[in-house]
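I am opening a notebook on one structure.

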Amino acid sequence: MKMLSVAFSIGVLLALASGTATNSCVAPQHLVSKMLQRLEESIKRDEPPNPSVLLAMNLVGATNSYNHKWLLQKIQEEAVRRAQQGVTSGEVALDVLALLSSCQNPQHVQALGHTINLLSILQQKMDEEMASLELDGVPKTTLFSVSLDTLSLCLVRMGGYQEASVVLAKQVLNPESHLSVDTRAVAVLALRCTYGRTELGDLQDLLREAMSTVTNDLLDEQEKGDGVIGNIYSTGLALQALVATEKFYAPRKWDCAQAFSVVARHDYQLPMAIAQVLPALVGRSYLEAADLDCSSTSMSPSFPLSPKLGTTKVHQPTPITVRYSIINKLQGKHFSYSITVEVPQGSTLLKVLQAAEEKEPHEFSFQMEQTSWGLMVVSIHGLTANADDRTYWQFLSGGDALQEGVGTYKPWDGEHIQAVFSTY
Ligand code: B12
């Protein structure tokens, strides 16, 4: 059943890709199928619905499953629920992109007996981001989210996106900004949208310069990284940016085959990571979220979302020793504690944190929150990260920031992991 649905989705995908994709860069079909299947299997009825997953499925044309329908409905319900509780600008923007790509009107989101206007909420959130940028030089959340906001508002042609694009363009052009590849990539998608919607010569010049600078930097990074742009998890968004901006780095050519082969070699597991890279594999990007053809109404057979049958491992893996330190030299009463724990080989970093807490609960207590990328550590030793202060718990090994969170990173024997209270 499951294979049938995926096969059907791929059929739709290929039909769409051959009919509409303008970019010659399309990854091998088996890679796209594998990633799509993983993405569809990640949809769990007992977990919060992820708008980035729906957006990616729509962009590759995998829209005709009951799974898809279920996800859309849950995202609408969650949007209504969150509108009453409090939500960040980026969260609203991702909901808007997911709904637009499902051919739903974000101005009338109906669920749970209420109707909300997501666009007016987004507009208001964007105003708050811009006010903060003007006052403090930093947004209320992050420039990553402001880029998502700008892209969403631009796609629906709602006010505010041109001013925001000017800010984003200046930020990406400022070498002092030190923006991550992920942020620069989403900013480029937003700028590309605005570029296509403005007649103002000065604005076009600024946007062209910003897009050309960033995309050439991304291509340089790809050359330097043998196909990887930034790290393996930022590569997805970077590929989307390159898909959408060909004419801004022309006559330079993009070796998309090299980038795709890097993606093919990496065993992506996290739904978010797959959702960010998948659209680029079929020559698409978030820029096309509002241009999709939703006329097809037929449904593929549903496949039951049964839990995977667990394979119980019987052998006991050998233990490894990991040193773990927690350091706060930033706020309140400074502290620094270290501990050495034993965990089975192949354990995630989370196991190390749990073992440390079990051994010395007074020092190594910690708390986590579920997010779209999995479990994020929000508090250690009673010290809690705070978006208003822009503080967070950063994880490092040998002085380098880890590229994965505690739920997936697997420490090696003898490794020293540090959790350092930091600002972003
Ligand atoms: C902004 C950002 C942050 C900010 C979030 C601050 C904030 N209040 O907004 C800060 C600086 C705190 C952060 C921290 C980390 N991040 Co970060 N982050 C991002 C970024 C650039 C954008 C996320 C975002 O805002 N999305 C839009 C909003 C609307 O969606 P959202 O679902 O609500 O976003 C939330 C989650 O993304 C969550 N989050 C952010 N980063 C991470 C990382 C992990 C592992 C988890 C579980 C959650 C999480 O915070 C967001 C706000 O609440 C992404 C890039 C990307 N490609 O997605 C990287 C990214 C998600 N982060 C990453 C990493 C590795 C980390 C750290 C582990 C780095 C480190 N060495 O310490 C830490 C988390 C450590 C911990 N305490 O558990 C990786 C994750 C890769 C992976 N395989 O898991 C990414 C993909 C960057 C990359 N290319 O390497 N991050």
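The entries below go through a helix, a ligand shell and a loop residue in this predicted model.

Entry one, helix H13. I looked up which residues of H13 (residues 256-265) are buried, and found Cys-256, Ala-259, Phe-260 and Val-263. These four cover an arc of only 95 degrees around the axis, so they sit on the same side of H13. I reminded myself that an α-helix has 3.6 residues a turn, so residues three or four places apart point the same way. On the other side of H13, I noted Ala-257 and Arg-265 as exposed. Then I asked which helices the buried residues of H13 pack against. They are helix H10 (201-224), helix H11 (235-244) and helix H14 (271-281).

I found 39 residues around the ligand, of which Gly-90, Asp-182, Ser-372, Tyr-392 and Gly-405 come nearest. Among the elements that give two or more residues to this shell are helix H5 (89-101), helix H9 (181-195), H14 and strand E8 (391-397). I wrote down the make-up of the shell as 18 nonpolar, 18 polar and three charged residues. Where does the ligand lie relative to domain 1 (2-288) and domain 2 (319-423)? Both domains give residues to the shell, so the ligand lies between them.

I located Val-60 in the loop between helix H3 (51-59) and helix H4 (66-85). Is Val-60 buried or exposed? Val-60 counts as buried because it has 24 C-beta neighbours inside 10 Å, and the cut-off for buried is 20 or more. I also checked Val-60 against Ser-285: they are 225 residues apart in sequence, and 9.7 Å apart in space from C-alpha to C-alpha.

How values were computed
Residues are numbered from 1 along each chain as its sequence is written. This is a predicted model: local features need pLDDT of at least 70, side-chain atom pairs count only at pLDDT 80 or more; totals for chains, interfaces and linings use all residues. A residue is buried if 20 or more other C-beta atoms lie within 10 Å of its own, exposed if 12 or fewer, and partly exposed in between; C-beta atoms are placed from the backbone. The arc is that of the directions from the helix axis to the C-beta atoms. Two residues are in contact if their C-beta atoms, placed from the backbone, lie within 7 Å. A residue is near a molecule or strand if its C-beta atom, placed from the backbone, lies within 6 Å of it. Ala, Val, Leu, Ile, Met, Phe, Trp, Tyr, Cys and Pro count as nonpolar, Asp, Glu, Lys and Arg as charged, and the others, Gly among them, as polar. Domain bounds come from an automatic or database domain assignment.
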